[in-house]
Amino acid sequence: MSGFRHVVMFKWVAGTTTLQQDEVAARLRELPGRIPEIAAYSVGADAGVNPGSYEFVVVADFADRDAYLAYRDHPDHRAVVDAHITPITAERAAIQYEM
């Protein structure tokens with residue numbers, strides 16, 4: 001398989017509500033219908049199996065680096081990040097790699 005993958009994990013600030021977390025997931029799940037460069041997209045909350053894990057993940061696949069950059073900078077993606085994710089983020093870890 002070839003392509004480009006983006007993985008980002010979040011820990012939320014103390015006091016983040018389930019409603020806020022659900023809103024993040026819902027808004028992110030709308031993006032594949034708005035950003036044609038997304039080839040595959042998965043978001044989800046941690047299953048709670050191991051202590052110390054991050055609380056939420058996004059895994060997104062693209063045809064290439066340029067498609068990822070189009071997603072990264074797309075106004076619909078930026079709006080979700082700015083309005084719903086940044087205000088409740090305590091920690092973020094991300095990686096992008098060629099598949």
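**View 1. Secondary-structure elements around the largest pocket of the predicted model.** In this predicted model, the lining of the largest pocket draws at least two residues from each of β1 (4-12), α2 (65-73), α3 (75-85) and β4 (89-98). The largest share of that lining, amounting to 4 residues, is contributed by α3.

**View 2. Centre and lining of the largest pocket.** The volume of the largest pocket comes to about 220 Å³, and among the 15 residues that line the pocket, Val8, Phe10, His77, Val81 and Arg92 are the closest to its centre. Sorted by class, the lining consists of 8 nonpolar, 4 polar and 3 charged residues.

**View 3. Packing of α2 against α3.** The axes of α2 and α3 lie 5 Å apart, and the two helices pack at an angle of about 50 degrees, which makes α2 oblique to α3. On the α2 side the contact is made by Tyr71, Arg72 and Asp73, and on the α3 side by Pro75, His77 and Arg78; by class, these residues divide into 2 nonpolar, 1 polar and 3 charged. His77, which takes part in this contact, is also one of the residues closest to the centre of the largest pocket.

**View 4. Packing of α1 against α3.** Helix α1, spanning residues 18-30, and helix α3 have axes that come within 10 Å and cross at roughly 175 degrees; the two helices are therefore roughly antiparallel to each other, since an angle over 145 degrees is counted in that class. Glu23, Val24, Arg27 and Leu28 of α1 make the contact with Val80, His84 and Ile85 of α3, and the residues involved comprise 4 nonpolar, 1 polar and 2 charged.

**View 5. The annotated region of the chain.** According to the unreviewed UniProt entry, the annotation "domain: Stress-response A/B barrel" covers residues 4-97.

Terms used:
Residues are numbered from 1 along each chain as its sequence is written. This is a predicted model: local features need pLDDT of at least 70, side-chain atom pairs count only at pLDDT 80 or more; totals for chains, interfaces and linings use all residues. Side-chain values use heavy atoms; hydrogens and water are left out. On a 1 Å grid over the protein atoms alone, a cavity is a set of points where a 1.4 Å probe fits but cannot get out, and a pocket is an open set with protein on both sides within 12 Å along at least five of seven lines; lining residues have an atom within 4 Å of a point. Grid points are joined across faces, edges and corners, and a volume is the space filled by probe spheres set on the points. Ala, Val, Leu, Ile, Met, Phe, Trp, Tyr, Cys and Pro count as nonpolar, Asp, Glu, Lys and Arg as charged, and the others, Gly among them, as polar. Axes are lines fitted to C-alpha atoms, for helices over the stretch in contact, and angles run from 0 to 180 degrees between N-to-C directions. Angles under 35 degrees count as roughly parallel, over 145 as roughly antiparallel, 65 to 115 as roughly perpendicular and the rest as oblique. Contact means heavy atoms within 4.5 Å. UniProt positions are given in the numbering used here, feature names are shortened, and annotations may be inferred rather than shown by experiment.
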